[in-house]
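Please read them with the structure open.

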Amino acid sequence: MAGLSTRCALCGSVFEASRSDARYCSDAHRARAHREAADSRRKTVTELLSRAAMIRDGDETAIAALRRDAERLLAA
């Protein structure tokens, strides 16, 4: 079976994929993309926790905004 020509989701180079669901040109790029996504999620969670610590006196508007952002993060 011939490989499918596709673009790497990380670097954009064209490569011959051995699977129809391949997204990366190498294991190194797959691992790097995974690490970058995890770092991004950690940063977002840290920002949400920082915002939560700053909410004073039950500010319902701030709490609702924080809840929406947390739900958006969980859905990703």
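1. At 3% relative accessibility, Ala17 counts as buried, where buried means under 20% relative accessible area, exposed over 50% and partly exposed in between, with a 1.4 Å probe and protein chains only. Ala17 belongs to strand β2, residues 14-17, strands being DSSP runs of E with at least two residues and helices runs of H or I with at least four, numbered from the N terminus.

2. This is a predicted model, in which local features need pLDDT of at least 70 and side-chain atom pairs count only at pLDDT 80 or more, while totals for chains, interfaces and linings use all residues. Residues are numbered from 1 along each chain as its sequence is written, and side-chain values use heavy atoms, with hydrogens and water left out.

3. Which residues does Ala17 touch, not counting those up to four places away in sequence? They are Gly3, Leu4, Thr6 and Ala22, contact meaning heavy atoms within 4.5 Å. Asp39, by comparison, is 22 residues from Ala17 in sequence and lies 27 Å from Ala17 in space, C-alpha to C-alpha.

4. Ala17 is also part of the largest nonpolar core, whose five residues are Cys8, Phe15, Ala17, Tyr24 and Ala33; such a core is a set of buried Ala, Val, Leu, Ile, Met, Phe, Trp, Tyr and Cys residues joined through side-chain atoms within 4.5 Å. With neighbours within four places in sequence left aside, Tyr24 is in contact with Cys8, Ala9, Leu10, Phe15, His29, Arg30 and Ala33. In soluble globular proteins, nonpolar side chains tend to be buried together.

5. Helix α1 (residues 27-54) packs with helix α2 (residues 60-75) at an angle of about 165 degrees, the axes being 10 Å apart. Axes here are lines fitted to C-alpha atoms, for helices over the stretch in contact, and angles run from 0 to 180 degrees between N-to-C directions. The two helices, α1 and α2, are therefore roughly antiparallel, a term used for angles over 145 degrees.

6. On the α1 side of this contact are Arg41, Thr44, Val45, Leu48, Arg51 and Ala52, which meet Ala65, Leu66, Asp69, Ala70 and Leu73 in α2. By class, the contact of α1 with α2 has seven nonpolar, one polar and three charged residues, with Ala, Val, Leu, Ile, Met, Phe, Trp, Tyr, Cys and Pro counted as nonpolar, Asp, Glu, Lys and Arg as charged, and the others, Gly among them, as polar.

Terms used: Angles under 35 degrees count as roughly parallel, over 145 as roughly antiparallel, 65 to 115 as roughly perpendicular and the rest as oblique.
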